[in-house]
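This briefing is intended to be read beside the sequence and the model. Please keep both in view while working through the points.

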Amino acid sequence: MSALMQTYNRFPFEIVQGEGVYLTDNFGKQYLDFTSGIGVCNLGYNHPQLNAAVNTQLGKIWHTSNLYQSSLQEKVAEKLIGNAQKQVFFCNSGTEANEAAIKLARKFTGKSKLLSFHHSFHGRSIGALSVTGNDAIKHGFGELLADIEFAPYNDDAALTQINDQFAAVILEVIQGEGGVTAANANWLQRLAQQCRAAGVLLIIDEVQTGIGRTGKLFAYQHYAIEPDIITLAKGLANGLPSGAMIANSKIAAAFDYGAHGSTFGGNPLAMAAAATVLELMDAALLKNVQQKANGFYQLLEDQLSDCAAVEAISGKGLMLGIRLIESVPVKNVVEKLHQQGLLTLSARGNTLRLLPPLVISEIQLQQGLHLIKQVLSDAVAK
C-alpha cells in the first residue's frame, strides 16, 4: 500500500529525465511530450539558460521572508506588467492566485457576489472550487462560498446576468479542463463591456493560457479587452512552483499591509526561473509559436477531418483539443499513445488535450500527429 494519499489516478510509470521536448521513464522508455506537465514546462526540459539561472541563485539563497525587499520579485513583476499601471502579488500556484483575486475583488468593491461559468476550472481550495463550474469535484466538502452564480460559456445569456450587484466576473479565455473551448471574440468583448458598464471587475484566469501558450504573453491579448485582474501560474517559472495575481494599481491598493500574504510566494529560486522565462519569451519566440500553432491547427483539421473517431477540433495556439466520439474513450487513447511514445492529456467532453512545449519543432508536431492519427484510426477499425 502506498504511503501517499490516493488523490491521483497515476499511470504505472515515473518520469525520471527530460531533455528538450522528450521525457524518459523509469523503464528507459522515451516519450515525445505533448503535455508540458499540464501547460507548465513551456520551454521544455533541461533548458541551459534556465538551469544556469536557478543554479546561480541556488548558490546565493533559496528562501527569504517577504518581510524584506526582493529585487528579483521587482524584476519579474516589471517584466509582467511593462509600463502599465498595475501591480503584482506573487504566490505559488494558480489556485492561490485565484484565491487572491477573489479576496481582492471583494475587498475593493465591498461586494461578495461573483459570476463564473459552467465547465470552468479555477482550482481546488474552497474559494477557487466555489467558482469552478464542475459539480463532480465539489461533492463531500460541505457548503462552499455563498453568492456565487454560474452562466453558460459563449452564450449571450451571461451578458444579461451581469449587473451592479456583482463584485466580479471570473473566466478563462480558453476553458482547458472544460474541453479546450475558446471564447468567441465578439461575445468576450461584449461581456467585458457589460462588466465595465455595470461597475463589475473582470478577472481573467490565465493559469493555463498565459506565458506564451497561445502565441501572446497572455491569451486575452488576442481579444482586444483589458481585464482588471489577471491570474497566472503554470508556465511562469517553467516547473518551479510560482503563481501571480496582477491587478490595476487602483484595485491593488485595496490590499494594504496584512490583507494578504504568502510564506513561499515569490521564492528566490522560482523568481530566478521566472525572470529567465520572461526574457526568453520574446517577440520572436511568440511569433514562432503563432506560426507553428496556426500550421498545426490546419494540419489537425486536414489529417483528422476524415477520421471517424473525431467529432471536432478546438482551442487556440498550442492549447488544442480533439473531441472524440463516445465509443472511443479518451482514457484508452491516452494509454495507447503512451505505448507509442507520446504523452497527451484528457479534458471534459471526451477530449484529447494537447499542450506541447512551445519550443517544439514543426517536424515533432507532425510526428505526434502521425501517432495520434494512427491510434484513432485503429480505435474505430476494431
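This is a predicted model: local features need pLDDT of at least 70, side-chain atom pairs count only at pLDDT 80 or more; totals for chains, interfaces and linings use all residues.

Residues are numbered from 1 along each chain as its sequence is written, and side-chain values use heavy atoms, with hydrogens and water left out.

- An open sheet is formed by seven strands in the order 4-12-11-10-7-5-6, with mixed pairing. Strands (E, at least two residues) and helices (H or I, at least four) are DSSP runs numbered from the N terminus, and two strands pair if DSSP finds at least two bridges between them.
- Strand 4 (86-91) and strand 6 (148-151) stand at the edges with a single partner strand each, so one side of each has no neighbour in the sheet.
- From one strand to the next, the twist averages 20°; axes are lines fitted to C-alpha atoms, for helices over the stretch in contact, and angles run from 0 to 180 degrees between N-to-C directions.
- Three bridges pair strand 5 with strand 7 (residues 166-171) in the parallel sense, and L114 stands opposite A168 in strand 7.
- Helix 3 (residues 71-81) lies across strand 4, strand 11 and strand 12 (243-248), at about 125° to strand 4.
- Helix 7 (residues 185-198) lies across strand 5, strand 7 and strand 10, at about 165° to strand 7.

- Strand 1 (residues 15-19) and strand 2 run antiparallel and are joined by four bridges; I15 has D25 in strand 2 as its bridge partner.
- The hairpin of strand 1 and strand 2 has two residues between the strands, and G20 in the turn has a positive phi of about 65°.
- Strand 2 is also joined to strand 3 (residues 30-33) by three bridges, again antiparallel, with Q30 in strand 3 as the bridge partner of T24.
- Four residues separate the strands in the hairpin of strand 2 and strand 3, where G28 takes a positive phi near 90°.

**Positions annotated as "binding site"**

- An unreviewed UniProt entry places the feature "binding site" at G94, T95, F121, D205, E206, V207, Q208 and T263. These positions span 170 residues of sequence and are also spread in space, up to 25.0 Å between C-alpha atoms.
- UniProt positions follow the numbering used here, feature names are shortened, and annotations may be inferred rather than shown by experiment.
- T95 belongs to helix 4 (residues 94-109) and counts as partly exposed because its relative accessibility is 24%.
- Beyond residues up to four places away in sequence, T95 touches H122, G123, R124, S125 and A128; contact means heavy atoms within 4.5 Å.
- V207 lies in the loop between strand 10 (201-205) and strand 11 (229-232) and is buried, with a relative accessible area of 12%. Its contacts, not counting residues up to four places away in sequence, include G94, N98 and T231.
- For "binding site", the unreviewed UniProt entry also lists R124 and S262. From this set, S262 is in the lining of the second largest pocket.
- R124, in the loop between strand 5 (113-117) and helix 5 (126-130), counts as exposed because its relative accessibility is 58%. Leaving aside neighbours within four places in sequence, R124 is in contact with T95, L129 and I137.
- S262, in the loop between helix 8 (249-252) and helix 9 (268-280), counts as buried at 18% relative accessibility. Not counting residues up to four places away in sequence, S262 touches N66, F89, F90, C91, N92 and E96.

**The second largest pocket**

- The second largest pocket has a volume of about 1,100 Å³. Of its 34 lining residues, N66, Q73, V88, F89 and F90 are the closest to its centre.
- Helix 3, strand 4 and strand 12 each supply at least two residues of the lining.
- A pocket is an open set of points, on a 1 Å grid over the protein atoms alone, where a 1.4 Å probe fits, with protein on both sides within 12 Å along at least five of seven lines; lining residues have an atom within 4 Å of a point. Grid points are joined across faces, edges and corners, and a volume is the space filled by probe spheres set on the points.

Technical notes: Buried means under 20% relative accessible area, exposed over 50%, partly exposed in between (1.4 Å probe, protein chains only).
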